[in-house]
Amino acid sequence: MHHPLRSRQRLAGLLLSTVLPLTMPSTVDAQEVPPTPGPTDVPQPVPMELGLAGSGKPDILRFLNVRRAGAPSLAPDGDRVAFRTSISGEPQLWVVDATGGWPSQLTFGEGITFHAWSPAGGWIAYGADRAGNEREGFYLISPDGTRERELLAPSDAFRLFGGFSPDGRRIAYATTGGGGPSFEIHVLDLASGEDRTVHSGGWGYQVASWRPDGGALLLTEARGEDAVDVHLLDLATGEARPLFVPEVASSYTGFAWKPDGSGFFLATDEGRDFHALAFYDLAAGRLEPLATPPHDVGNVALSRDGRRLAWTTNEGGWSVLHVRELGAGGSFAAGRDVPISGGAGPDLPAGVYRLHWADDAPVLALEVTSPRLPGDVWTWNAESGTLARATRSDTAGIDLDALVAPTHVDFPARDGETLHGLLYLPPKPAARAAAGAGGAADRPPVLLAVHGGPTAQARPDWDAVFQYLLARGIAVLDLNFRGSTGYGKRFARLDNLRQRPNAVTDMADAVAWLAADGRVDASRAAVMGGSYGGYMTFAALADLPGLFDAGVSFVGVSNWVTALEGASPQLKASDRLEYGDIDDPADREFFRQLSPITRVDQVRDPLLVVHGANDPRDPVTESDQFVRAVRERGGEVEYLRFPDEGHGIRKLENRVAAYRRIAEFLERHLGLAPRSGGAGDAAGAAQD
């Protein structure tokens, strides 16, 4: 229920306060407290009726059935593109003609986690884990789906795919198969099956790229969540030569080699706040900035013949595409910019982009997603100038043009830092209907969304949950709190180590700004997030009690001591710089104080928790212990603990069960009128 004592004056008082003093959980006598986890915490199958299309308030299951296609990987000749979509219920591998047509489904088992078309053309590599446990097996499948090979069976080891060699005869990968949290670097010969350890690696090592002659690998070594060191591993000698090990940790991404192996283009923030487009000359050991806009550069991709360079800039979260035809010898300065146009057809839609060139053809594939485009693949032929839409994902009867695009907003935190976000406002009729349930005229309640990472960014891509809530009259502020990427290296590191509690007060400052801005009813607010955002949700209810009417936490951390001790090997290397050393007594005490479980006795707002039992990143025990503690103290908490999911919800039937509950929970606690027919005919939404 909506809090009846929630006045504007009370809200303002909460917003001006700081995080409450740290206390240890008190012991409260439990009266018939059910076991946690218990049988009622395991979600049961739910009906899958869509309801009528074209209604003024479509149910959430219809949003869930909006499909998306992404992660394009082109055949070497550029004629076909492999992509992933969850149209069958889990992410599977499909292939379609690059200019469009009827696609073919290639995989049918467990949902796949990555794929890559071999430069030789005859195989597509893909990975699949077991129920979200992130211990992938590696497989090859022919582009027509008639032949399949197991390269590496699933095991207890974590593996990170490092791509095909340029001739397509080998793959490289990182693995914890040697035991412990360290990653070894392996090269596997596809014909003979010889699997060779080529580098002992260490914490946070991955394969970033093959040199064009196949004789060396670029390796990255994590230095926190937003930075890496880079080494060049000679496969003949086994020598790993450091290329980038700066005093101030920096990011290096998008390695795009010149065909002769003399160097590579990349995006880096070395020596600057934002990522620049740069070129590294291998012989000279020189890093040359080429383009230094006041935005992050990303998605650097060079055509295999070295003639065309593509990259994007991140401008307020939106991607802006740049393509440059290079001059003689691959000169950037002597080149010219090339516009991408649809000619007689439609131009490339605005959105968030992902790029991939074909190996042997001047064809660029682009994944595009936006609030009005759930996700599809376009291809552009650089020789003919032809832009084509390769996939057309089903919209489940939703009018995409009627969906809501956000406004980018900036506002101050209490310490003078500028915070950022994407503000989605529901259409006026929906806002009035929401206000009629008890709010001020034309001012809807609001959901504060907090992303994971924390080194990630709220961007204007497709989010079915947001669009459903907007259709029901709930505004959304997708918050880029300190620690988010996209606003410079300095901003991304404002929450590192002992600064981490400041991100929690950013949530209070966001609600304060919403109240002052006046476009939403900030006295009716909920908070929701996943992974690190799940921690932020727990922290919001424990450290800012009464500020939010409700919270929804996905796969979140409640106890940083246990979470950091149990983190997967992929995270341990970055955790030490992002958070601190769990083995250091002072850091360990800080983690204890930082943990929402330490102040669970202050939680008095309703909470819904979602977690997969196979989560290797934030173990499910993080949610178990928080739910148990809230229940023991008489708090209101609902728990959805999926036995066949990991760090997220992939399966269609599980997404339906989860988001139906979440939708009903948010509507109830934000004071919205119940749907006709009750919660049973409401449905849940999620991203494909």
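Of the 59 residues in the largest nonpolar core, Met507, Tyr535, Met536 and Phe548 touch the most other members. A nonpolar core is a set of buried Ala, Val, Leu, Ile, Met, Phe, Trp, Tyr and Cys residues joined through side-chain atoms within 4.5 Å. Buried means under 20% relative accessible area, exposed means over 50%, and partly exposed lies in between, with a 1.4 Å probe and protein chains only. The structure is a predicted model, in which local features need pLDDT of at least 70 and side-chain atom pairs count only at pLDDT 80 or more, while totals for chains, interfaces and linings use all residues. Residues are numbered from 1 along each chain as its sequence is written, and side-chain values use heavy atoms, with hydrogens and water left out.

**Nonpolar cores**

- Met507, one of the residues that touch the most other members of the largest core, is in contact (heavy atoms within 4.5 Å) with Leu448, Val450, Leu479, Val527, Met536 and Ala540, leaving aside its neighbours within four places in sequence.
- Another core lies apart from the largest one; it has 42 residues, and Phe63, Ala449, Val610 and Leu640 are among them.

- Helices (H or I, at least four residues) and strands (E, at least two) are DSSP runs, numbered from the N terminus.
- Strand β32 covers residues 475-480, and six of its six residues are buried.
- Ala475, Leu477 and Leu479 point one way from β32, whereas Val476, Asp478 and Asn480 point the other way; all are buried.
- Two strands pair if DSSP finds at least two bridges between them.
- Strand β30 (residues 418-424) runs antiparallel to β32 and is joined to it by five bridges, with Gly421 standing opposite Leu479.
- Strand β31 (residues 446-450) pairs with β32 in the parallel sense, also over five bridges, and here Leu447 stands opposite Val476.
- Between β31 and β32 the chain passes through helix α4 (residues 464-471), and this β-α-β crossover is right-handed. The term right-handed means that, with the strands pointing away from the viewer, the path from the first strand over the helix to the second runs clockwise.

**Aromatic rings**

- A pair of aromatic rings is described by the distance of the centres and the angle of the planes.
- Rings of Phe, Tyr and Trp (its six-membered ring) pair if their centres lie within 6.5 Å; planes under 30 degrees apart count as stacked, over 60 as edge-to-face and the rest as tilted.
- The structure holds 25 aromatic pairs. One of them is the edge-to-face pair of Phe138 and Tyr173, with 5.7 Å centre to centre and 80 degrees between the planes.
- This pair links distant parts of the chain, since Phe138 belongs to strand β7 (residues 137-141) and Tyr173 to strand β10 (residues 170-175), 35 residues apart.
- Phe138 counts as buried because its relative accessibility is 1%, and Tyr173 is likewise buried, with a relative accessible area of 2%.
- Phe255 and Phe264 also form an edge-to-face pair, at 5.5 Å centre to centre and 85 degrees between the planes; both residues are buried.
- One aromatic cluster is formed by Phe244, Tyr252, Phe255, Trp257, Phe264 and Tyr280.

**Charges over rings**

- A charge sits over a ring if NZ of Lys or CZ of Arg is within 6 Å of the ring centre and within 35 degrees of the ring normal.
- The charged end of Arg147 sits over the ring of Trp123, 4.7 Å from its centre.
- Lys258 lies over the face of Phe279, at 4.7 Å from the ring centre.

**Loops and backbone features**

- The peptide bond from Thr36 to Pro37 is cis, with omega near -5 degrees, and Pro37 is found in the loop between α1 (8-16) and α2 (60-64).
- Gly453 and Pro454 are joined by a cis peptide bond with omega about 5 degrees, and Pro454 lies in the loop between β31 and α4.
- Glu134, a residue other than glycine, has a positive phi near 65 degrees. Its place is the loop between β6 (124-128) and β7, and Glu134 counts as buried at 16% relative accessibility.
- Ala396 has a positive phi as well, near 55 degrees. Ala396 is in the loop between β28 (386-389) and β29 (407-412), and its relative accessible area of 11% makes it buried.
- Arg493 is found in the loop between α5 (489-492) and α6 (501-517) and counts as buried at 19% relative accessibility. Not counting residues up to four places away in sequence, Arg493 touches Asp226, Ala227, Val248, Ala249, Ser250 and Gln499.
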